[in-house]
Amino acid sequence: MMESSEQTHYFVPSPSRWPLVGAAALFCLGLGAALTVNGLGSGKVLLALGFTILIWMLFGWFGDVIRESLNGVYHGKEDMSFRWGMGWFIFSEVMFFAAFFGALFYVRTISVPELGDITHKLLYPDFSAAWPLATGPGITQHYEAVAAWGLPAINTLLLLTSGATVTLAHWGLIRGQRRQLVLGLLLTVLLGASFLTLQFIEYHHALTELNLTLSAGAYGMTFYMLTGFHGLHVLLGTIILFVVLLRVLRGHFDEHNHFAFEAAAWYWHFVDVVWLLLFVFVYWL
Amino acid sequence: MATVTDTQHAPHSHKPSGLSRWLTATNHKDIGTLYLWFSFTMFLSGGVMALCIRAELFHPGLQFFQPELFNQFTTLHGLIMVFGAIMPAFTGLANWMLPLMIGAPDMAFARMNNWSFWLLPPAALLLLTSFAVPGGAAAAGWTLYAPLSTQMGMGMDMTIFAIHIMGISSIMGSINIIVTILNLRAPGMTLMKMPMFAWATLITAYLIIAVMPVLAGAVTMVLTDRHFGTHFFNAAGGGDPILYQHVFWFFGHPEVYIMALPAFGIVSHVIPTFARKPLFGYTSMVYATSSIGILSFMVWAHHMFATGMPATAQLFFMYATMLIAVPTGVKVFNWIATMWEGAMTFETPMLFAIGFIMLFTIGGLSGVTLSVAAVDIALHASYYVVAHFHYVLVAGALFSLFAAIYYWFPKMTGKMYNERLGKLHFWWSMVWFNVTFFPMHFLGLAGMPRRIPDYALQFTTFNEIASVGAFCFGLGQLIFLYNMLVSIKYGEPAPQKPWEGADTLEWQIPTPAPYHSFTEAPDLEVAENGAIRAIKGGQHH
Ligand code: HEM
Ligand SMILES: [Cu+2]
């Protein structure tokens, strides 16, 4: 008799229309976005259509996968594939953030200091380099930076706590303690949602009181792009965790078979680590 | 296995028919075929643009196109060849051959595999239709340098979103390749035994996952600079156009290895097969490939010697670039050593593989020349560079693809291609390729800049030669198309193993490869480079 690690058969799904639907969705989104950023009204319609199709596809596709999982077609090998796949997906996300962190380090250590040094005095006589900048060398907008030890510090605490609660939930899952699992997950989702709420308040504060916008030069652009993309990932992570919570409530997972839960947890930890880097390099130092 | 319950089989695992076979495919062979035809179509469209460029450059002065349109042709030619032709062609081959070579039932994520493919036509549509929008297609060169790319019309936005979509596609494709190799090798097919092609696609896939997101970041910054007021590439806000080049080339240099490593993998099978000798130095090939996977992240600024970097940075990137030539040199010597005293025959795949080695080496050497910072400052953005990268991309990547197609054609289709036409295709391409691109070295050395529709009179003769060569080269690709189409239909039936010296797993299964191969993993005894010594079990249908 063979262990699952020596499993000789691997599940290959039958033909599926979802990939094609997904491609149509991305086409609408791509074209729609290109039209929208150029102020063409029809773009919004395409964007809406694209999102609708995408959501339809996500429901259909994940629905298929969940059904297959519940029917027991996945074994050790398939599970291992999912794990590798998720790991490499997260690696690609890391590299996406790396591009923006690279831009941040570049403007902080190279372009802003250079623009303030003697070689640029002719071009920008009044500009002196500093970080965070209060204005750009060639722009007139004055703004203030976001303080680290207010909402951002609280948000750090929230995310760190959520990392702990999701681990608690995981322990609950492997030990078969359902209450702990549900409670831990619920807390994690709530913490994620509070993080997003606080970030919303922080953005509002920055936009209305600090005069800090995306167009406020090197500080503003790196601030909003990094925290904005991170925020989107928190949003996505929260949604994923919420879906996992719903699936837990329906009894989809047991102590051996719960890849979706772990994938969500890995994703959440990844988002957590990115935030720590953000806190240090965008807000604090 | 204790119980093989029916749920383990997909409900309909027989061959679907009609259009839906392709639209909803989850079969790695079908998806591989889709990739290959798509990339050939893109190769022809990119080729037509190249011929437009060459037609315009046949004579000095403007004859056919306004400079704006000319720039759009160069840009889209580059983008389409890189992202539409070469990369998808390698992914298609990996799709077809990886599972057969390592004894896997299919790719690890068969449905996602299909999504990876079907994202490509929409992206290509965005690129091609962008010619028709106000302002035309992107015209900043395939590198999309800021501040050119932060100006321009809507075509640039379509290009940006097309790049996003192609990026998603190639990342998913790469995850699939990596997981298939790491998780689905048949028992006995260990990492240090598996075929070089598997190693090459593994490292390539890792490079793609590492750098496509960085490109996505770069074009996203261009997008927000264009429409949302950021100043990433604008000194007025504290940014810097040079920042774009850094981010882009952090992607861009690994990208050239993304187009080169799979070629190395292919050649590492074709040469041993037709030299009837095992690959020389398999282990060193694996290490050379892996070290390129690391070194290629440390050389990007050799594209930026002319931007006024500090001298220390120039020196660092110069020496790092020379260093990366070492593993590539190891490979070239290994291939030559493989041929040494081999019982060689010169079927079409072998011809293309040998052509590859010769011409890729020329391209590699002109690359080492360019890596000398002092030389590059003179040659940067000249036709010398155009010559250099076409030696590695056309005679490198493209020739290896032809070698691969001819080599595996019998296994894929069950038919033999026409050998005479194959040889004609090779010699035709070999001659006209050199006629086209070798004079470009001279043009560059004499100072002709790239990406211009007009030039000084003294460059005329070599440009004429190059243009004639380009049209002949382009025409010759129709020989290939004709050969493929006719042979698929009327070719001689191919035996299970048409090449005497071939010893990898794909030659141990029937020809044409059954629709589902290795639905049960076989037990293998394997020697280096995936050579099969013994095989037990493994079912097909
Ligand atoms: C059919 C054979 C081909 C011909 C005749 C050809 C011709 C040309 C010419 C004349 C240029 C540059 C012109 C200029 O700088 O003004 C060019 C640029 C380029 N080609 Fe090709 N090409 C061919 C195939 C390929 C292939 C297979 C690739 C593979 C990736 C490729 C990649 C590029 C790239 C990346 C550029 C640079 C575009 C830019 O400057 O932004 N070409 N080609
Ligand atoms: Cu490079």
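This is a predicted model: local features need pLDDT of at least 70, side-chain atom pairs count only at pLDDT 80 or more; totals for chains, interfaces and linings use all residues.
Q: How is chain A itself built, and into which domains is it divided?

A: Chain A has seven helices and zero strands, and its C-alpha trace spans about 80 × 45 × 35 Å along the principal axes. The chain is divided into domain 1 (14–73) and domain 2 (77–284), whose centres, taken over C-alpha atoms, are separated by 25 Å. Buried residues make up 38% of the 285 residues in chain A. Among the contacts in chain A between residues at least 6 apart in sequence, 68% join residues at least 24 apart.

Q: How should the span of a helix be read, taking H1(A) and H4(A) as cases?

A: The expected span is 1.5 Å times one less than the number of residues. For helix H1 (residues 18–37) of chain A, with 20 residues, this gives 28 Å, and because the end C-alpha atoms are 28 Å apart, the two values agree. Helix H4 (residues 151–174) of chain A has 24 residues and reaches 35 Å from its first C-alpha to its last, close to the 34 Å expected. Just after H1(A), Gly39(A) takes a positive phi of about 75°, and H4(A) is followed by Gly176(A), whose phi is also positive, near 75°.

Q: Which residues touch the most other members of the largest nonpolar core?

A: The largest nonpolar core holds 261 residues, and those touching the most other members are Ala103(A), Ile86(B), Ile102(B), Ala218(B), Val267(B), Phe356(B) and Ala403(B). This core draws at least three residues from each of domain 1 (14–73) and domain 2 (77–284) of chain A. Leaving out residues up to four places away in sequence, Phe356(B) touches Ala263(B), Val267(B), Ala395(B), Gly396(B), Phe399(B), Ser400(B) and Ala403(B).

Q: Which elements and residues surround ligand 1?

A: There are 25 residues around ligand 1, the closest being Ala50(B), Gly78(B), Met81(B), Gly141(B) and Arg450(B). The elements giving two or more residues to this shell are helices H2 (28–56), H3 (67–102), H14 (383–413) and H16 (460–490) of chain B, with H3(B) giving the most, seven residues. The shell divides into twelve nonpolar, ten polar and three charged residues.

Q: Is Ala521(B) buried or exposed, and which residues is it in contact with?

A: A residue is buried if 20 or more other C-beta atoms lie within 10 Å of its own; Ala521(B) has 25 such neighbours and therefore counts as buried. Ala521(B) is found in the loop between H16 and strand E1 (523–527) of chain B. Leaving aside neighbours within four places in sequence, Ala521(B) is in contact with Thr8(A), Gly103(B), Ala186(B), Pro187(B) and Gly538(B). Of these contacts, Gly103(B) is 418 residues from Ala521(B) in sequence and 6.2 Å away in space, C-alpha to C-alpha.

Technical notes
Residues are numbered from 1 along each chain as its sequence is written. Chains are lettered from A and ligands numbered from 1 in the order in which they are written. A residue is near a molecule or strand if its C-beta atom, placed from the backbone, lies within 6 Å of it. Helices (H or I, at least four residues) and strands (E, at least two) are DSSP runs, numbered from the N terminus. Ala, Val, Leu, Ile, Met, Phe, Trp, Tyr, Cys and Pro count as nonpolar, Asp, Glu, Lys and Arg as charged, and the others, Gly among them, as polar. Domain bounds come from an automatic or database domain assignment. A nonpolar core is a set of buried Ala, Val, Leu, Ile, Met, Phe, Trp, Tyr and Cys residues joined through C-beta atoms within 7 Å. A residue is buried if 20 or more other C-beta atoms lie within 10 Å of its own, exposed if 12 or fewer, and partly exposed in between; C-beta atoms are placed from the backbone. Two residues are in contact if their C-beta atoms, placed from the backbone, lie within 7 Å.
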